[in-house]
Amino acid sequence: MLENCQRVGAYFMDRLKGFQERYSFIQEVRGRGLMLGIQLDFPGSHLVNDCLERGFLVNCTMDTVLRFLPPLIVKEAEVDLLVATLDELFAKV
């Protein structure tokens with residue numbers, strides 16, 4: 001399970017860092033393993049609700065940090081689904 005956390009966590013981090021290059025409102029992508037976050041330059045609570053409507057449980061801390069805490073057995077395909085959803089939502093901002 002630890003190997004999966006390291007592998008999928010690195011994959012997830014790479015995918016989120018790609019957003020930082022494409023969307024100027026993303027100030028920072030940070031985290032370790034599968035505990036990751038995106039620092040936005042605006043309040044992210046509406047994105048939490050939009051993700052929930054699409055079946056993803058995401059948290060917003062400190063008003064501007066989207067926090068991701070997927071299960072330790074998450075797979076790359078599931079990360080891809082979330083990343084596609086985030087891309088769709090970010091494009092509307």
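Select Q39 to begin: leaving aside residues up to four places away in sequence, Q39 touches F25, I26, Q27, E28, R30, T64 and V65. The model on screen is a predicted one. Q39 belongs to strand 2, which covers residues 35-40. With a relative accessibility of 14%, Q39 counts as buried. Now show the side chain of T64, one of the residues that Q39 touches. The side chains of Q39 and T64 are joined by a polar contact of 2.7 Å.

Next, go to the loop between strand 3 (59-61) and strand 4, and select M62 there. The phi of M62 is near 50 degrees, a positive value in a residue other than glycine. Is M62 buried or exposed? Its relative accessible area is 72%, so M62 is exposed. Then select D63, which also lies in the loop between strand 3 and strand 4. D63 is not a glycine either, yet it has a positive phi of about 75 degrees. D63 counts as partly exposed, at 45% relative accessibility.

The cysteines come next. Select C51 and C60 and display their sulfur atoms. How far is the sulfur of C51 from the closest cysteine sulfur? The distance is 10 Å, to the sulfur in C60, and this is too far for a bond. A disulfide is counted when two cysteine sulfur atoms lie within 2.5 Å, and C60 is in no disulfide. The structure as a whole holds zero disulfides. While C51 is selected, note that it is buried, with a relative accessible area of 1%.

Now turn to the largest pocket. Its volume is about 290 Å³. To find it, select F56, L57, P70, P71 and L82, which lie nearest its centre among the 15 residues of the lining. Which elements give two or more residues to this lining? They are strand 4 (65-68) and helix 3 (76-91). Helix 3 gives the most, with three residues. Colour the lining by residue type: eleven of the residues are nonpolar, two are polar and two are charged.

Stay with helix 3 and select V79, which is found in it. V79 counts as buried, at 3% relative accessibility. Show the residues around it: V79 touches V8, Y11, F12 and V74, when residues up to four places away in sequence are not counted. Then draw a distance from the C-alpha atom of V79 to that of R15. The two residues are 64 residues apart along the chain, and their C-alpha atoms are separated by 8.7 Å.

The last stop is N4, in helix 1 (residues 2-22). Is N4 buried or exposed? N4 counts as buried, at 16% relative accessibility. Show its side chain together with that of R7: a polar contact of 2.9 Å joins the two. Next, show the backbone of V74, whose oxygen is reached by the side chain of N4 at 3.1 Å. V74 is also among the residues that V79 touches. With residues up to four places away in sequence left out, N4 touches G9, L72, I73 and V74.

Key. Residues numbered from 1 in each chain as written. Predicted model: local features only at pLDDT ≥ 70, side-chain atom pairs only at ≥ 80, totals over all residues. Heavy atoms only, no water. Helix = DSSP H or I, 4+ residues; strand = E, 2+ residues; numbered from the N terminus. Buried < 20%, exposed > 50% of the residue type's maximum accessible area, 1.4 Å probe, protein only. Polar contact = N/O pair within 3.5 Å; in protein donor to acceptor, adjacent residues only side chain to side chain. Contact = heavy atoms within 4.5 Å. 1 Å grid on protein atoms, 1.4 Å probe; cavity = no way out; pocket = protein on both sides within 12 Å on 5 of 7 lines; lining within 4 Å. Points joined across faces, edges and corners; volume = space filled by probe spheres on them. Nonpolar A, V, L, I, M, F, W, Y, C, P; charged D, E, K, R; others polar.
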